Amino acid sequence: MIELLAPAGDIEKLKVALHYSADAIYFGGQNYSLRANAKNFSLEEIKEATMLAHSLNKKVYVAVNIIFHDEDFKGLKEYLLYLDEIGIDAIMVSDIAVLELCNELKLKIDRYVSTQASVLNEEAAMFYKELGVKRIVLAREAMKEDVIAIKSRTGLDLEAFVHGAMCTGFSGRCILSNYLTNRDSNRGGCAQICRWKFDFYDENNDLISDNFWLSCKDLSMVDYFKEMFEAGIYSFKIEGRMRSIYYIATVLHCYRLLFNKLSNNSLNPAYINFIRNILNRCANRENATQFFNKFPDENEQYYLGSREEVSNQDFLGIVLENKDNIITIEQRNYFKIGDEVQFFGPQNEFINYKIDNLYDENLNKIEIANHPQMIIKIKAKLPVSPGDMLRIKIFDI
Amino acid sequence: MKNSKILVSVKNLDELKEYKKIGITNFLFALKGFSIGYPEFTLDELLDLDINVYLNINLVMDTKKINEFKNIISKLDFVKGIFFEDLGIYYVLKDHHIPLIWNQNHFVINSVSINSWLNRVTSACLTNELTKEEIKYILEKTSKPLILPIFGYNIAMYSRRYLLSNFNRYHGYKIVNNGYLKINPQNQFKAYETENGTVLFYHKPFNYYPIINELKDEKIWFYYFDLTHSNIAQYHKIINNEISDSEERFLNHKTIYKLED
């Protein structure tokens, strides 16, 4: 058994993640979480999200992972009691004060140590275990031998990032944002200074380069997720509370397919390559495996610069309804009759289809779908469901 | 400020005699192989110095590194205290007699967490991203005397990656292990790379000496001077209030927590 853990920046993204087979969702409330510029969830929305997830037998984790200044504790006790009362499954924590408070309040919710705590060894994990923690979200720098050691000697649930952006520094050990933007990175204000361009001088103050980058490539564990599982990772975490619904759906769908193939012994290199191509196309930055299998070098760094990132218009629409062989779709990007497209959803792998008819919402024939969020209809007998997505077909198995 | 409450880091052992002449006997040394960003010293070098030796162990440690550390624990008896970043260090030393100082960079920033740690360890070393009012509040609320950094360079980022040599190798430049990363003249970072990763220090020192008279001396165990980038002349400048190019932005300005929509 594994857990596929997805981010949610708001309720819409949460619903997409649940639809796309996430076993658990993580997000932040309006306070105390490390994505202060994500929409985040109100108290009512946290309750709604929890009820929705639980109705589908899925779990909800709430980030309470800022490093607190004294003034930030205001309201924390009431917030934790509320989370406990509505029955969220766990909170993710970095600050020992929150763990102590949870113990003091005898809360039922599980406590997970956030990656901000940078746990890389069994002794640090044991420290947290003795504080009542049930799970460690490993430091992004954890290597395979660290995972094996921590799992075998602590028995704790281990969670690790499997896909998404990486911090260049140890999480929690970077305050470049504090210096350059006055935004506290350890309280949700990270301005991604590692993606800024620096001038690089040697110790004699002679210029080496006026185009220096700290930034590293994103993480992708497509090639190593099986080894992660065998090493002891239980929860496979996708980064990106601020990512698009298309990104969340695509990444979840791809990893779920990989796990399904793994569990029925049908996984092969060609399929992994196919999935890798889809994931690479979906993200707008290059990726690499980073620390798990080897120490990262210059090939894991990102030297092109943030302005060179690319985006595409692959995401064509979302299925709203499939009834009487008429598929209703909300458009997201331009497409037209004759295009080769691909439906994907949690109940299907991929459905290739050549657009041979298009109608507007009143069933008037059209040739192109060119208005953002316009409602279009396709007459076709396809096993797609509401929430499934449509994209340009680039890759095929 | 009594000399017995002053803790100093130096860049080489030859400097110790100068400090000892003026009555300073407490020194903090980065332990070779287990630290990053500071001049490192071996246990053998520190063994018979006739001073009070405190060790700075500021690596975030993986399994291999902490196992290496376990092998030297029996040699630490002469040490007066250990500043630790990784909580694994606390865990392996908690049943030993060595005084421990919680020094998790950027985490020692509220009185509640500090008091929690003070139930376990001897003291804690305050983080530099605090305002003056926050420092006063923490000193008021905490249960044991703390260590207050007075002068030094703040670590702004710590990475396990080889950020300088990776870049130079990628571009075919000569490999260097330190240098400066600059956004503009006001915002520069001194970068150091070792086999344990890379750290960036803000290029200007902080100097909290001018505020110490506003703080409760009895709540401070040590006033810590990191002079690894300078020397005893700098120490005299500090205590004579002759430092002019320091940077105290965090002391005087809160950082933003909640961003506006």
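Me: Hi! How many helices and strands does chain B have?
Reply: Hello! Chain B has nine helices and 14 strands. Helices (H or I, at least four residues) and strands (E, at least two) are DSSP runs, numbered from the N terminus. This is a predicted model, where local features need pLDDT of at least 70, side-chain atom pairs count only at pLDDT 80 or more, and totals for chains, interfaces and linings use all residues. Residues are numbered from 1 along each chain as its sequence is written, while chains are lettered from A and ligands numbered from 1 in the order in which they are written.

Me: And what radius of gyration does chain B have?
Reply: It is 18 Å for chain B, which agrees with the value near 18 Å that a compact globule of 261 residues would have. That radius is taken over C-alpha atoms, and the globule rule is 2.2 Å times the number of residues to the power 0.38. Along the principal axes, the C-alpha atoms of chain B fill a box of roughly 55 × 50 × 45 Å.

Me: What percentage of chain B counts as buried?
Reply: 49% of the 261 residues of chain B. Buried is for 20 or more other C-beta atoms within 10 Å of a residue's own, exposed for 12 or fewer, and partly exposed in between, with C-beta atoms placed from the backbone.

Me: Now the interface. How many residues of chain A are in contact with chain B?
Reply: 61 residues of chain A are in contact with 52 residues of chain B. Contact is called when C-beta atoms, placed from the backbone, lie within 7 Å. Elements giving two or more residues to the chain A side include α4 (96-105), α6 (144-154) and β8 (197-202) of chain A.

Me: How do the residues on that side of chain A divide into nonpolar, polar and charged?
Reply: The side of chain A that touches chain B has 28 nonpolar, 15 polar and 18 charged residues. Here Ala, Val, Leu, Ile, Met, Phe, Trp, Tyr, Cys and Pro count as nonpolar, Asp, Glu, Lys and Arg as charged, and the others, Gly among them, as polar.

Me: Which strand of chain B pairs with β8(A)?
Reply: That's β10 (residues 178-184) of chain B, antiparallel to β8(A) over four bridges. Two strands pair if DSSP finds at least two bridges between them. Tyr201(A) has Tyr180(B) in β10(B) as its bridge partner.

Me: Switching topic: is β3 of chain A buried or exposed?
Reply: Six of the six residues of β3 (residues 59-64) of chain A are buried, so this strand is largely enclosed by the rest of the structure. Lys59(A), Tyr61(A) and Ala63(A) cover one side, with Val60(A), Val62(A) and Val64(A) on the other, all buried.

Me: Which strand does β3(A) join over five bridges?
Reply: β2 (residues 24-28) of chain A, running parallel to β3(A). Gly28(A) stands opposite Ala63(A) there. β3(A) also runs parallel to β4 (residues 90-93) of chain A, joined by four bridges, and Met92(A) in β4(A) is the bridge partner of Ala63(A).

Me: Last one, how is chain A divided into domains?
Reply: Domain 1 covers 3-204 + 212-308 and domain 2 covers 315-392 of chain A, with bounds from an automatic or database domain assignment. Their C-alpha centres lie 33 Å apart. Domain 1 of chain A gives seven residues to the contact and domain 2 of chain A gives six.

Definitions and conventions
Contact = placed C-beta atoms within 7 Å.
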